[in-house]
Amino acid sequence: MELPIINHPDYVAKINDDNKFPIKKFGALANHLLEKRVVKTFYVPEPCSVETMKTSHSLEYINHIKNKTLDLKYQKKIGFPINDSVVRRSFVATGGTVLASKLALDAKLACNTAGGSHHATFEMGAGYCVFNDVAVAANYLKNKKYAKKILILDLDVHQGNGNSEIFKKDRDVLTFSMHCASNYPAKKSKSDIDIELKDNTEDTEYLKILNGNLKELNKNSYDFVFYVAGVDIHHEDRLGKLKITDEGINIRDKTVIENFYSKKIPLCGVLGGGYNKSFDKLIELHSMLHKNCASYF
Ligand SMILES: [Zn+2]
């Protein structure tokens, strides 16, 4: 058996080349994982159904995306034009995280090659996030009774404000976000646990804080974990303001995966953000999640 990894060619939506979002990373990451033999065959997801999407987003918003009728000012807030290709991508990438979460139940580890759209709230997308795939998948697992207590461990440099909003009143889904205090969004929401890091935080301190928090988290019991493995904490990221090295990210991923795998708690890994100055470096950093998970197979 190999690590279940989910990918769809439609993850690479057609947007203008001058868009700051590195949309081609999803295709490049898939090629990299094949080349490095991390995976032989990807699982290919179906687009997420409106029924499943409705657990985490208003029908009005879903329809605005589906029918491409979202007001231009809200499209700007998202940062993507809502065209056919972006609509398709948004449904398929969410379907990808739902599929990864299902596969993780048996395999204990499974990863999407997209996902972690953590700024999307119930009513609206924002910050390159159309639908909140992790929220949709978490609600899917809960509704199907595949999981009762879920942890969303968000280590992207930006706060997972969409998840904390969506699960504000849900005591069965614990939202944990460790992010740079001065990064987007300017107005933070309230997660169950927020760890705010100072600008320029380096490896040693970052990993010490992470380890301390994992120890605390381990006092609770979960039967499922979503890991948002954003690599925008890297020192050469265009948006993040932290100073984490390649090795720091690799140790972070290893630490998180081992922490839950050793307790047999299923973990679904999703990409999260990454805007490195170097495109090749970006792919290498994102692939650490998949490579570290694959080492258990
Ligand atoms: Zn981010």
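Two residues are taken to be in contact if their C-beta atoms, placed from the backbone, lie within 7 Å. The structure described here is a predicted model, in which local features need pLDDT of at least 70 and side-chain atom pairs count only at pLDDT 80 or more, whereas totals for chains, interfaces and linings use all residues. Residues are numbered from 1 along each chain as its sequence is written.

By the contact criterion, and leaving aside residues up to four places away in sequence, Pro81 touches Ile15, Gln75 and Val86. Pro81 is placed in the loop between helix H4 (72–78) and H5, where helices (H or I, at least four residues) and strands (E, at least two) are DSSP runs, numbered from the N terminus. With 17 other C-beta atoms within 10 Å, Pro81 is partly exposed; a residue is called buried if 20 or more other C-beta atoms lie within 10 Å of its own, exposed if 12 or fewer, and partly exposed in between, with C-beta atoms placed from the backbone. Although Pro81 and Asn16 are 65 residues apart along the chain, their C-alpha atoms are separated by 8.8 Å.

Ile257, a residue of helix H9, is buried, with 22 other C-beta atoms within 10 Å. Not counting residues up to four places away in sequence, Ile257 touches Leu109, Leu267, Asn292 and Cys293. From Ile257 to Ala135 the separation is 122 residues in sequence and 20 Å in space, taken from C-alpha to C-alpha.

For the chain as a whole, 10 helices and seven strands are found, and buried residues make up 49% of the 297 residues. A compact globule of 297 residues would have a radius of gyration near 19 Å, and the 17 Å of the chain agrees with this; the radius is taken over C-alpha atoms, and the globule rule is 2.2 Å times the number of residues to the power 0.38. Along the principal axes, the C-alpha atoms fill a box of roughly 45 × 40 × 40 Å. Of the contacts with a separation of 6 or more, 72% are accounted for by residues 24 or more positions apart.

The axes of helix H5 (residues 84–107) and helix H6 (residues 133–143) come within 8 Å and cross at roughly 40°, where axes are lines fitted to C-alpha atoms, for helices over the stretch in contact, and angles run from 0 to 180 degrees between N-to-C directions. H5 and H6 are therefore oblique to each other, since angles under 35 degrees count as roughly parallel, over 145 as roughly antiparallel, 65 to 115 as roughly perpendicular and the rest as oblique. The contact is made by Ala93, Thr94, Thr97, Val98 and Ser101 of H5, together with Asp133, Val134, Val136, Ala137, Tyr140 and Leu141 of H6.

Some features of the backbone concern loops. Most residues other than glycine have a negative phi, and most peptide bonds are trans. Arg37, which is not a glycine, has a positive phi of about 55°; Arg37 lies in the loop between helix H1 (25–35) and helix H2 (50–53) and is exposed, with 9 other C-beta atoms within 10 Å. Lys264 likewise has a positive phi, near 60°, and is exposed, with 8 C-beta neighbours inside 10 Å. The peptide bond from Tyr184 to Pro185 is cis, with omega near -5°, and Pro185 is located in the loop between strand E4 (173–180) and strand E5 (193–197).
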